[in-house]
Amino acid sequence: MTDTAVVKESDKPAAAPAAADDERLAYRGVFQRLLVRPEIGAIIGAAAIWAFFWAVANEFGTAGGILPVLAVSSTLGIMAVAVSLLMIGGEFDLSSGAATGALGIVTILLVRDIGELGGAGLSLWVAIPLSLVVALALGWFNGTMVERTKLPSFIVTLATFFILRGFKLGFSKLIIDNITVGSIEDGGGHAFWVKVFGSTWVRNDHQLEIRDAIYTIAMLGGIALLVFAVYELAYVRRDRLNPAGLIALVAGIAGVVVGILVMHGTDGVSSNTLAAAIIGGSGIVGLVGLALWRYQPASGVTMSFDSKALTNAGVGIGLVVLGLLAAWQIDVQSQESVLDLVGLLKWPLVILGGMGAGYSLIQRGVVEFAGDSNEQVNAWFRVGAAAVATAFVVYAFMFMTTEQGLRAILFGLLVGAGFIMLAMAANEAGRTSAGAKSAIQLVTAASILALAFFIRDQSTSVKFRSEVFTILLVLAMVVGAWALTGFRFETRKAAHLSADKLGTRVGIVGMVSMLVGLAIKLLFTTDAEIAAGLPRAQFRVEFLWFILVAAIATFVLGRTKFGSWIFAVGGNKEAARQIGVPAARTKTQLFMIVSVAAWLVGLLLAFRLNTLQSGTGNGLEFEYIIAAVVGGTFLTGGYGSAFGASIGALIMAMSKQGIPAARWNSDWRFAFLGVILLAAVIANNYIRTKAESAR
Amino acid sequence: MSALIELENIGKFYGNIVALQGVTTEVHAGEVTCVLGDNGAGKSTFIKILAGVHQHSEGTLKLEGEEVSFGSPREALDRGIAAVYQDLAMVPLMSVWRNFFLGAEPTKGVWPVRWVDTGKAKSVAKAELAKMGIDIRDTEQPVGTLSGGERQSVAIARAVHFGAKVLILDEPTSALGVKQSGVVLKYILAARDRGLGVIFITHNPHHAYPVGDRFMILNRGKSMGNFPKDEISRDELVQMMAGGAELDQLTHELESAGGGG
């Protein structure tokens, strides 16, 4: 017996734990740790889709374009967050869409005057808590029915959906003989409650002349803090600080400030270029200085290229150059004649090109990374490739009907593929030689820089030009600094508690700083903008509710008992029950959370629109589910995130708003949503396989 | 030494179906009581009565001398009886530490703002697993990434940590390979050495005999006897478990069918 008892699995030698830790548990770097989060795909997708619409429709880069997106995302997002909790708990609620309208109508009917007009004539102070009770009862009904009957929640809530739909129509007609139910203004206490659920912030009424200065400081400071956080998380600290590095850091910061001042004070092309050079150069000096100051230099950096990495890098640069050339040659002014020539060819070209690019990307992904121990990198590239391929297929599909289509597609495809090739080449080289990886990364940084200048000179859109230019400049700087420090400093192989803590905190402060900068830019206007006659963009209080709901849900899911129970009942209900989790109660509470969210959304809609149609909300339940799935929630339950669901809602809102903003026929919206859903489900499935089986 | 659990003539009926009848055995602290039986012998019913999933229909169940009947799994757990089920033990997509503390998470803060003390939970989970001799790489990793034996072991460690006096293991080795089974058997002994009364349910006498101190054999819902280890040999155990004479008959048939092979 003792023989079998001491033998462990062959792949797991029973060595001393401390020594075994390093060998069996490779320390996961910053990016690898981020990758296993369920919401990461959604964040990448949101950034890609936003950048896409920004490039296509100018106003997506302005407050007038973003604030409507936030408004649309709010009501959708509140529901998506609640629905994602329910889905993580392993259930569906198909009545959630109809419930929003129903609960809004209930509130309005409660406050309407008694008399021939119908209604109960209550004050809002009474009506709002009463409709909350109705909401709780509705959720309790759904949950109890599902738990008692043991039927799939799909069927039970489908029934509730039709019941609610009938009630909405029936009661509206019965009580007030109208399918339009209004108005909530009649209620007592409206003046107070409209502030809570319906107030707005009109951007043009709030000027802040130093807005751009605050914005710039907040953004650059945020980026600097983020870079510092990454350094802190990725590298080994020195025993003693190096003062020379500190001097370089300070000099770099000073240089960036000077560069910004130069850029701010001029409109000339040559001074702008000079400023860009100063910012980029000093940024790299500062970042390298930061590394020298605090972190341990690596010993023995090698420099040898293997042929595969070189080929990839060469092809990558070639593709970027071709992409730039394609956009350059087919100039906006003269495009019509060129497009006439290729007009017949464009569909086959796009389809063939897309298929070829997609296939080769996947092939490369499979070949290059098959059997690679670093599976996370593999995941990065597949997710990235899938996102890029999807974006371009959609782009092609939607955009070919406009004049600039071919130019943009060629440019995007070639440049995108080029950068992917460069990144793969760097990864390839990094496995054999640290120096070679740095060299390829430097080339990548130079290509980004070239792209920045190209866009600044070629793009006709001033807004897009200046902002993209700045972003690409910072990106080139970060990649360049990364190349110079990445392999010349000792990377962390083990957790370092105080560094991890500092890095995480600094990173959070950096992100908050950037968000505050963005918010200030969105919420305030300047004299110059008013003079330019910008639209009167509004910020609605709904978005604050959305943030509040998303924050609470994220906290509950991640840090509370109830959160653990949600994952448990969705992941393995029987196990949860056996261990003592009240599974039935947890699920019922989840249904009640969804109906309370529907109550909140119903109120927000009622206060925004004043009157509600009896059909309000019908059919939206699938949008909530799509948003949750896009945000990384599994349809099968047990895995997901509330934060991801709110990002999913943003993606949905962006596509709703972006398609008309790009002046496409908005009928295409559903095709767009379908493609996004499919891509999200495939990505989720992939992550799930990894999470369940990766060792 | 007085028994932790004493069962006397325990029986369970589902309507007119007799699932279990006349079962008598006892469980002592620091001892492994093995319950053996073929499929359909009533092992599941036996566990479910002890774990509070079902209530017994007749006989007496005494916990530390006091007569009890558990209304729910939670109740049994609160009294110190923890069951570890073969497939249902863990939520695969959840991390090791969340699984470890599931249903009994340590919290900080004051109601209504109360949250799980993740730092404490992780370090306690890691330390408790180490005490059982289980070296988990990272308590953040999903349980789904552990091997079958490791999962059982985490479940055992969890039960031990939460003050279980009696540990019921339902077929912990049946789905495992030889080496993995060995690992689990070792953890059974580790739990025994920490003073728990272990009830080890299995249909494999070769797994039961080396670790067991007491054997109870079930057949078709009836107890075929309750033996301390020194009163029964491994061969006798195998014989009894398969129904004695029936096995002789079967062996005979097989041999003649297989040409004596």
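Reader: In this predicted model, what makes contacts in chain B count as joining residues at least 24 apart, and how many do?

Author: Two residues are in contact if their C-beta atoms lie within 7 Å. Among such pairs in chain B at least 6 apart in sequence, 69% join residues at least 24 apart. In chain A the figure is 81%.

Reader: What share of each chain counts as buried?

Author: The cut-off is 20 or more other C-beta atoms within 10 Å. By that count, 45% of the 261 residues of chain B are buried. For the 695 residues of chain A, the share is 47%. Chain A has 28 helices and four strands.

Reader: What makes a set of residues a nonpolar core, and which members of the largest one touch the most others?

Author: Members are buried nonpolar residues joined through C-beta atoms within 7 Å. The largest such core has 181 residues. Leu85(A), Leu167(B), Ile168(B) and Ile199(B) touch the most other members. Helix H5 of chain A, residues 63-88, gives the largest share, 17 residues. Another core, of 71 residues, lies apart from it and includes Ala417(A) and Val506(A).

Reader: Which residues is Ile199(B) in contact with, leaving aside neighbours within four places in sequence?

Author: They are Val27(B), Thr33(B), Val35(B), Leu50(B), Val166(B), Leu167(B), Ile168(B) and Leu169(B).

Methods. Residues are numbered from 1 along each chain as its sequence is written. Chains are lettered from A and ligands numbered from 1 in the order in which they are written. This is a predicted model: local features need pLDDT of at least 70, side-chain atom pairs count only at pLDDT 80 or more; totals for chains, interfaces and linings use all residues. A residue is buried if 20 or more other C-beta atoms lie within 10 Å of its own, exposed if 12 or fewer, and partly exposed in between; C-beta atoms are placed from the backbone. Helices (H or I, at least four residues) and strands (E, at least two) are DSSP runs, numbered from the N terminus.
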